[in-house]
Amino acid sequence: MTVPRIRHNDYGRLRPPAPGRWEPRLSVSVVIPAYECQEALDRTLAGLAAQTYPRHLMDVVIADDGSSPALRVPSIAPEATRIVRVPDGCWGRGWARQIGAAAATGDVVHWVDSDMILARDHVEAHMRWHHLASYVVVHGRVRFVADDVPAPSPEAVFAAEYEGTAAFEEAREHHWTTEVLQKTRELRDEVSGAYRLHSGATTSVPARLLKAAGGVDTSLNMAEDTDLGYRLAQSGAVFVPDSEARAWHLGTSTVMRREEDVHRHNWSFLGDLIPDLRWLRRHPRRQWAVPYAEMVIDAYGASYERVRASVDAALAGTVADTSVVLLGPWNRLPSGRRASLDEPMLDTRLAYNLYAHEPRVRFAEAAARSCAPTPFRVIFPAGWVLGPDSLARLVELAQRDGYGLVSVALEETPAGVTALRLERTAAFARAALVAEGEPGGAASLNTLVAEGGPDGAASLDTLVDEMYGSIWVAAAEYGVVPDDQAEPVGGDPAKWRASANKWRSEATKLRAEVARLEAELRRDRTAGTAGAAGDPPRRGRLLREFRRR
């Protein structure tokens with residue numbers, strides 16, 4: 001597989017060949033979770049039996065979720081079709097998908113629901129994208145057939161598909177899917193939300209990427225595909241909706257029939273798993289399973305007081321769903337009898353004592369390669385303090401302009417510039433995939449560092465800048481200050497300070513606007529042309545704007 005450098009989700013640089021005009025080489029396992037649906041499954045398998053993708057590169061795994069009687073392979077089915085059973089005592093779509101994926105042997109796992117009919121070149125349409133990039137997730141284009149349309153027999157499905165004439169008149173896409181695709185140029189303009197169209201009905205994913213994302217959550221019986229799509233995004237995936245990968249769902253879906261009930265059910269747990277769904281996290285204090293941001297604070301060599309200032313401020317910001325990873329030599333703290341007030345690692349001991357029972361703080365000797373599925377990570381040295389809304393404003397900047405890295409210049413030393421880094425998890429995951437796929441990449445990735453790397457390997461920061469963009473900003477502009485200049489953290493997340501920062505930011509913008517207007521007035525007075533200094537209405541407007549400010 002190849003690793004082109006795709007910016008955000010703009011897969012437009014990929015040029016897939018037309019079906020039937022290329023030579024496939026990757027294998028694919030079609031995984032079908034199924035329960036008590038033999039008749040519908042027979043039609044789905046008949047459509048798969050007529051696929052144009054080479055037979056020796058395609059197998060089918062049916063994950064039987066405890067059907068009674070057990071599901072069977074019908075006479076019209078791909079040659080390499082087998083059934084695996086969900087273990088006794090386990091049940092649900094999450095279990096069925098994961099058991100099927102675990103049994104898959106293909107380079108690509110292609111999910112297909114058991115009530116789908118696929119166009120004869122559906123699998124081929126998917127697979128041509130996977131031959132172009134190793135981190136694409138491909139969505140088929142599903143159309144829904146009205147409930148009163150008679151279901152065709154498996155024989156009719158196979159005959160129609162084999163001849164390439166299968167179609168259902170009046171079949172329609174889901175209105176929400178159509179709306180999203182129209183607004184985003186088929187997801188090409190999306191930065192971080194493309195995963196929300198991820199559906200298990202007919203979606204394909206590289207097996208390695210699926211494994212890196214952690215597979216399917218077996219505890220979920222609904223929305224397991226949305227949860228998986230989010231984690232694939234954090235693993236660096238690009239989502240491609242292919243209109244030529246045609247598929248039909250016989251009858252309307254559960255979401256179409258009971259949309260409010262589905263949302264009521266799924267939103268009870270998706271807020272815990274997907275921090276990107278901000279409207280599900282409106283509570284100002286509670287904790288969530290997956291934080292929105294992980295704050296990595298380097299406490300090596302720092303005093304207890306400096307560590308405390310940094311951690312307390314990180315936990316008290318207006319973005320409540322954060323966690324802290326405190327880096328230090330925790331494993332080297334001596335046990336047993338010691339001089340409590342004079343032990344050599346006293347500051348490290350005190351910092352550990354202070355946060356040992358704080359559930360939002362973890363202790364580590366080194367930062368992990370990734371904080372996925374948490375979407376953002378902030379890395380900075382102890383002794384620097386974020387203002388109440390510093391994190392919120394930095395994330396807003398990253399989200400507004402799609403940056404993968406925001407570097408905050410803290411201070412300049414003889415060794416260089418000390419910086420706070422806001423990293424987008426998905427951006428660095430994709431950069432790692434690209435770096436690993438380049439010549440010598442698999443060996444060099446472990447040693448790749450932010451501003452450099454071994455000969456022939458681009459740094460992760462450089463790759464992130466190319467695919468997402470990066471920016472440097474000043475610490476004072478975003479309320480990041482040394483600990484000796486920071487205000488004490490109050491018991492409440494200091495709403496008045498957040499408000500003060502908001503107005504301080506507004507004042508900065510107004511001062512810049514005043515400076516612009518003053519400069520424009522000076523140009524008008526000195527230009528000496530009729531269109532500038534000689535234009536009284538324009539000068540009057542500028543003066544009025546200036547006085548209002």
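Let's start at Pro69, in the loop between β2 (58-64) and β3. Strands here are DSSP runs of E, at least two residues, and helices are runs of H or I, at least four residues, numbered from the N terminus. The peptide bond from Ser68 to Pro69 is cis, with omega near 0°.

Now the ground rules. This is a predicted model: local features need pLDDT of at least 70, side-chain atom pairs count only at pLDDT 80 or more, and totals for chains, interfaces and linings use all residues. Residues are numbered from 1 along each chain as its sequence is written, and side-chain values use heavy atoms, with hydrogens and water left out.

The overview is quick. The chain has 17 helices and 17 strands. Of its 549 residues, 51% are buried. Buried means under 20% relative accessible area, exposed means over 50%, and partly exposed lies in between, with a 1.4 Å probe and protein chains only. Next, contacts, meaning heavy atoms within 4.5 Å. Take those between residues at least 6 apart in sequence: 75% join residues at least 24 apart.

On to the sheet. Strands of a sheet pair through backbone hydrogen bonds, either parallel or antiparallel. Here, 8 strands form an open sheet, and the pairing is mixed. The order is β3-β2-β1-β4-β7-β6-β8-β5. Two strands count as paired if DSSP finds at least two bridges between them. Which strands stand at the edges? They are β3 (81-85) and β5 (116-118). Each has a single partner strand, so one side of each is left without a neighbour in the sheet. From one strand to the next, the twist averages 30°. Angles like this run from 0 to 180 degrees between N-to-C directions, and axes are lines fitted to C-alpha atoms, for helices over the stretch in contact.

Look at β7 inside that sheet. Strand β4 (residues 108-112) runs antiparallel to β7 (residues 202-206), and 5 bridges join them. Val108 stands opposite Pro206. Val109 stands opposite Val205. Strand β6 (residues 136-145) also pairs with β7 in the antiparallel sense, over 2 bridges. There, His139 is opposite Thr203. Is β7 enclosed or open? In β7, 5 of the 5 residues are buried, so it is largely enclosed by the rest of the structure. Thr202, Ser204 and Pro206 point one way, Thr203 and Val205 the other way, and all are buried.

Next, helix pairs. Two packed helices are described by the angle between their axes and the distance between the axes.

Pair one is α13 (residues 425-437) with α15 (residues 460-467). Their angle is about 115°, and their axes are 9 Å apart. α13 and α15 are therefore roughly perpendicular. The cut-offs: under 35 degrees is roughly parallel, over 145 roughly antiparallel, 65 to 115 roughly perpendicular, and the rest oblique. The crossing of α13 and α15 is right-handed. The contact includes Phe428 and Val434 of α13 and Leu463 and Met467 of α15. By class, this contact has 10 nonpolar, no polar and 2 charged residues. Ala, Val, Leu, Ile, Met, Phe, Trp, Tyr, Cys and Pro count as nonpolar, Asp, Glu, Lys and Arg as charged, and the others, Gly among them, as polar.

Pair two is α10 (residues 304-315) with α11 (residues 346-355). They pack at about 30°, with axes 9 Å apart. α10 and α11 are therefore roughly parallel. This crossing is right-handed. Among the residues in contact are Tyr304 and Arg308 of α10, and Asp347 and Leu354 of α11. The contact of α10 with α11 has 7 nonpolar, no polar and 4 charged residues.

Now some single residues. Ala475 is in the loop between β16 (470-474) and β17 (480-482). Its relative accessible area is 7%, so Ala475 is buried. Ala475 and Ala409 are 66 residues apart in sequence, yet 5.7 Å apart in space, C-alpha to C-alpha.

Glu294 lies in strand β9 (residues 293-298). Glu294 is buried too, at 9%. Leaving aside neighbours within four places in sequence, Glu294 contacts residues including Arg362 and Arg377.

Last stop: the backbone. Another cis peptide bond joins Ala372 and Pro373, with omega about 10°. Ala223 has a positive phi of about 60°, although it is not a glycine. Ala223 sits in the loop between α6 (207-212) and α7 (224-234).

Notes: A crossing is left-handed if the near helix is turned anticlockwise from the far one by less than a right angle, and right-handed if clockwise.
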